[in-house]
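This report looks at a strand and its partners, then at a residue packed beside them, and finally at the salt bridges. Please keep the sequence and the structure in view while reading.

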Amino acid sequence: MSVSGLNSIEKKAALSLASVFGLRMLGLFMILPIFAIYGEQLIGYSPIWLGLAIGAYGLTQALLQIPMGILSDKFGRKPVILGGLVVFLLGSVVAAMSDTIYGVVLGRALQGTGAIASAILALAADLSREEQRPKVMATIGMFIGLSFTIAMIIGPIVAQAFGLSGLFWFIAILTIFAMLTIQFIVPNSVNTAPKGDNVALPSKLGSLIRDGQLSRLNWGVFILHMALTACFVTLPKQFVANGLALEQHWQLYLPTLIGSFFLMVPFMIIGLKKQKETQMFSAAVALLTLALLLLWYLPTNITTLIILVMMFFTAFNYLEATMPSILSRIAPAGVKGSVMGIYSSSQFLGAFAGGILGGFIAGEFGEQTIFLVTGLFALVWLFLTLGMKPLKKSKAYSFSTNINNDEQAHEVAQKLSEMPGVIEVTIMHDEAVAYLKVDDKTVDILSIKALLNE
């Protein structure tokens, strides 16, 4: 099957929406490498409030992720995205003007209230053809990963130059750029992608949460982000204690993160080329578990920290990049928006739980114990991965159709399921859309379109 590349609107949409998503995630992540140190200067500081400040955005993000996507379906993508960015801007200003830990927690919670991820992905779906949609989504995913790397590097630099308040003002400025990008650069959508592709369907959520294979990934991303957030309650302090001043932390994060990207390549090559994706996934979780347990067990010096942090981020980057891809492949046809909504909510709940857990453990049992507890959670995840089923190579597509009744839908679905390369079929005739999962190496897309529009 020959597929043309992105057209001009799709390229513009991919890059502009990826930039908005990246700028916003940059604003959320920049606090991670510095707050454990700067937070101690705030009135009311305690380890539990430190953890809350780091993870507070996760709770409001998790609660509002799915509702904001549904609202964007009703009131339009851009108004909801702009409204979310205004709230995010307000949260940044509240945090910037606070000299108490409580004000920063409130600001971070407000930042999370601007939960626009699902609305951005829905707009990206609206602005792309079904066969090009994976490329647009991959571009956005790449910018999210890049924003985390940049945040780790520039967070300490900005904080050193302008202080904690200056960091939040910097985030506010980034948010204004994101708002201008949405208003003046992102194309206006003239189409609406099928709901199941991009927006959660409330009626489907219960059964999807209970799905054994999907729940493994939801618990996995929860544990991954819980471990990340909890570890940053203590990691920056450990770097300082081992002789690395905060303004020099970027010198550690830059080579560590770049090195981890190179080290994750063998995982990807073996997984994809040798059809061992589930085995490599389990290996990455094992590496994450080992890094956390060794951070707890080994005496800390700067060399040990660098090696173990690189191990941690090698596993983190591989898992973070791989899980959405696996999720889209195992999601039942026609409910990708619901599946991604549950996954995103699990991810942000993990960030919130990690902040609370890290702060509580640091206050009650000592900061070093954070690594032991998160390592044990990662060990539980490792056992969960052993029940993952082998992955089939497939792509999800949605097609418009003129089918208008149940009998015709059933008949066409039967014919489609018998065609070479068709793995799964769902026809929603009330929405005039058909969702298919196919092996794109053997499927005939033109024949599918012809059958759906006879």
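Strand S2 (residues 422-428) and strand S3 run antiparallel and are joined by six bridges, where two strands count as paired if DSSP finds at least two bridges between them. The model is a predicted one, in which local features need pLDDT of at least 70 and side-chain atom pairs count only at pLDDT 80 or more, while totals for chains, interfaces and linings use all residues. Residues are numbered from 1 along each chain as its sequence is written, and side-chain values use heavy atoms, with hydrogens and water left out. Strands (E, at least two residues) and helices (H or I, at least four) are DSSP runs, numbered from the N terminus.

**The strands**

How many residues of strand S3 (residues 433-438) are buried? Six of the six are, so that the strand is mostly covered, where buried means under 20% relative accessible area, exposed means over 50%, and partly exposed lies in between (1.4 Å probe, protein chains only). In a regular strand the side chains alternate between the two faces of the sheet. In S3, Val 433, Tyr 435 and Lys 437 point one way, whereas Ala 434, Leu 436 and Val 438 point the other way.

**A residue in helix H18**

Ile 448 belongs to helix H18 (residues 445-452) and is buried, with a relative accessible area of 0%. Leaving aside residues up to four places away in sequence, Ile 448 touches Phe 399, Leu 416, Met 419, Val 422, Leu 436, Val 438 and Val 443, a contact being heavy atoms within 4.5 Å. One of these, Met 419, is 29 residues from Ile 448 in sequence, and the two C-alpha atoms are 8.5 Å apart in space.

**The salt bridges**

The structure holds four salt bridges, each being a side-chain nitrogen of Lys or Arg within 4 Å of a carboxyl oxygen of Asp or Glu. Three of them are listed here.

| Salt bridge | N to O distance |
|---|---|
| Lys 237 and Glu 40 | 3.2 Å |
| Arg 77 and Asp 126 | 2.7 Å |
| Lys 237 and Glu 367 | 2.8 Å |

Lys 237 and Glu 40 meet in a salt bridge. Because Lys 237 lies in helix H11 (residues 235-241) and Glu 40 in the loop between helix H2 (35-38) and helix H3 (47-75), this pair ties together parts that are 197 residues apart in sequence. Lys 237 counts as buried at 17% relative accessibility, while Glu 40, at 43%, counts as partly exposed.

Asp 126 forms a salt bridge with Arg 77. Asp 126 lies in helix H6 (residues 117-126) and Arg 77 in helix H4 (residues 77-96), so the pair ties together parts 49 residues apart in sequence. Asp 126 is buried at 5% relative accessibility, and Arg 77 is buried at 6%.

Lys 237 also forms a salt bridge with Glu 367. Glu 367 lies in the loop between helix H15 (336-365) and helix H16 (369-385), so its pairing with Lys 237 in H11 ties together parts 130 residues apart in sequence. Salt bridges that share partners join Glu 40, Lys 237 and Glu 367 into one network.
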